[in-house]
Amino acid sequence: MEHFIRKNFPDAEKGRAVTETCIEKLVNRYGFNLGKTLLATSVCSDEIVNTATNFRSYLNRESPFQLGGLAGYPFAGLTGFQAFAAHIPDNGFAIIQYGPHIGVSKNGEVGKMHRAGQKADTSCCGALQASLKAFEKHQGTPADSELDYQLWKIENSLSTRRENIMAHDVPLVAATEVMFGIIRDRVNRLTEASGSAFEGIRVAFIGGVIINTDYNLPDWFDLRHFEVI
């Protein structure tokens with residue numbers, strides 16, 4: 001497992017260590033007041049993504065503002081970003097954590113992990129794997145744009161890179177990499193489109209790939225983007 005992580009995500013660290021490093025920078029270098037900081041996440045709906053980092057334990061909030069849906073895409077859109085900005089404490093600060101996730105079991109199986117209370121390993125990230133099946137010949141069918149809108153959007157977003165993804169030794173790794181870029185571009189675009197909503201607010205962007213492992217093992221976080229504006 002760790003060999004695969006180091007090979008494909010060489011800068012990844014244990015998620016809790018990444019959290020501590022980021023928090024230290026935000027407080028000591030950028031003057032964040034954690035008691036007046038609101039966290040938003042654009043990560044997958046999967047419950048296991050919360051085990052990778054622990055930003056919430058440093059903030060005076062029980063849960064983050066959720067911007068993301070399947071695969072971490074910011075489905076909350078412009079309305080969600082503007083609502084998040086409106087909820088930030090007066091003279092406060094904001095953190096936006098974003099990115100896709102991928103599972104790696106203790107046996108090194110990519111796209112799988114053992115969840116608490118289950119006998120068998122299950123998929124992670126299931127949405128990206130469903131997209132890959134739709135890309136394969138005679139496998140799966142395109143998602144329903146009405147009944148399964150989020151998966152439909154993900155498939156369409158990845159489709160322009162379909163050949164490169166499927167040519168990779170591990171297509172799920174390639175899909176995860178492409179998805180990170182898609183999410184980052186969308187987060188940037190939505191922040192810019194929010195106009196004056198974030199005026200006067202110091203915002204930290206923490207982007208990366210979440211690497212989930214079996215429930216009794218630590219998760220990892222491959223930090224790709226750390227910026228304060």
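Me: Where in the chain is Cys 125 found, and what should I look at there?

Reply: Cys 125 is found in the loop between β7 and α4, and before going further please keep in mind that this is a predicted model. The general idea to carry along is that most residues other than glycine have a negative phi, and most peptide bonds are trans. In this structure, the peptide bond that runs from Cys 124 to Cys 125 is cis, with omega near 5°.

Me: Which residues other than glycine have a positive phi here?

Reply: Ala 71 has phi near 65°, a positive value in a residue other than glycine, and Asn 91 has a positive phi of about 55° although it is not a glycine either. Ala 71 lies in the loop between β3 and α3 (77–87), whereas Asn 91 has its place in the loop between α3 and β4 (93–98).

Me: Is Ala 71 buried or exposed, and is Asn 91 buried or exposed?

Reply: The idea is to compare the relative accessible area with two cut-offs, since buried means under 20% and exposed means over 50%. Ala 71 has a relative accessible area of 0%, so it is buried, while Asn 91, with a relative accessible area of 69%, is exposed.

Me: How should I read a salt bridge, and how many does the structure hold?

Reply: Side chains of opposite charge can pair when their charged atoms come close. The structure holds five salt bridges. In one of them, the side chains of Arg 115 and Asp 46 meet with N to O at 2.9 Å.

Me: Which residue besides Asp 46 is linked with Arg 115 in a network of salt bridges?

Reply: Asp 46, Glu 47 and Arg 115 are linked in such a network. Glu 47 forms a salt bridge with Arg 115 in which the closest N and O atoms are 3.2 Å apart, and this pair too links distant parts of the chain, its members being 68 residues apart. As for accessibility, Arg 115 and Asp 46 are both buried, Arg 115 being counted so because its relative accessibility is 12%, whereas Glu 47 is exposed, with a relative accessible area of 53%.

Me: How close do Arg 224 and Asp 222 come where their side chains meet in a salt bridge?

Reply: The side chains of Arg 224 and Asp 222 meet at 2.8 Å, N to O. Arg 224 has 29% relative accessibility and therefore counts as partly exposed, while Asp 222 is buried, with a relative accessible area of 3%.

Me: At what angle do helices α4 and α5 pack, and which residues meet?

Reply: A packing of helices can be read from the angle between the axes, the distance between them and the residues in contact. Helix α4 (residues 126–135) and helix α5 (residues 149–159) pack at an angle of about 60°, with their axes 10 Å apart, and they are therefore oblique to each other. Their crossing is right-handed. Ala 127, Leu 128, Ala 130, Ser 131, Ala 134 and Phe 135 in α4 meet Leu 151, Ile 154, Glu 155, Leu 158 and Ser 159 in α5, and the residues of this contact divide into eight nonpolar, two polar and one charged.

Me: How many of the residues of α4 are buried, and what do they pack against?

Reply: Seven of the ten residues of α4 are buried, which leaves the helix mostly covered. These buried residues pack against β5 (101–103), β7, α5, α6 (162–167) and α7 (171–193).

Me: How do α5 and α7 cross?

Reply: The axes of α5 and α7 come within 10 Å and cross at roughly 100°, so the two helices are roughly perpendicular to each other. The contact is made by Ile 154, Ser 157 and Leu 158 of α5 together with Ala 175, Val 178, Met 179 and Ile 182 of α7.

Me: What does Thr 176 touch?

Reply: Thr 176 lies in helix α7 and is buried, with a relative accessible area of 0%. Not counting residues up to four places away in sequence, Thr 176 touches Pro 100, His 101, Ile 102, Leu 128 and Val 209.

Key:
Residues are numbered from 1 along each chain as its sequence is written. This is a predicted model: local features need pLDDT of at least 70, side-chain atom pairs count only at pLDDT 80 or more; totals for chains, interfaces and linings use all residues. Side-chain values use heavy atoms; hydrogens and water are left out. A salt bridge is a side-chain nitrogen of Lys or Arg within 4 Å of a carboxyl oxygen of Asp or Glu. Buried means under 20% relative accessible area, exposed over 50%, partly exposed in between (1.4 Å probe, protein chains only). Helices (H or I, at least four residues) and strands (E, at least two) are DSSP runs, numbered from the N terminus. Axes are lines fitted to C-alpha atoms, for helices over the stretch in contact, and angles run from 0 to 180 degrees between N-to-C directions. Angles under 35 degrees count as roughly parallel, over 145 as roughly antiparallel, 65 to 115 as roughly perpendicular and the rest as oblique. A crossing is left-handed if the near helix is turned anticlockwise from the far one by less than a right angle, and right-handed if clockwise. Contact means heavy atoms within 4.5 Å. Ala, Val, Leu, Ile, Met, Phe, Trp, Tyr, Cys and Pro count as nonpolar, Asp, Glu, Lys and Arg as charged, and the others, Gly among them, as polar.
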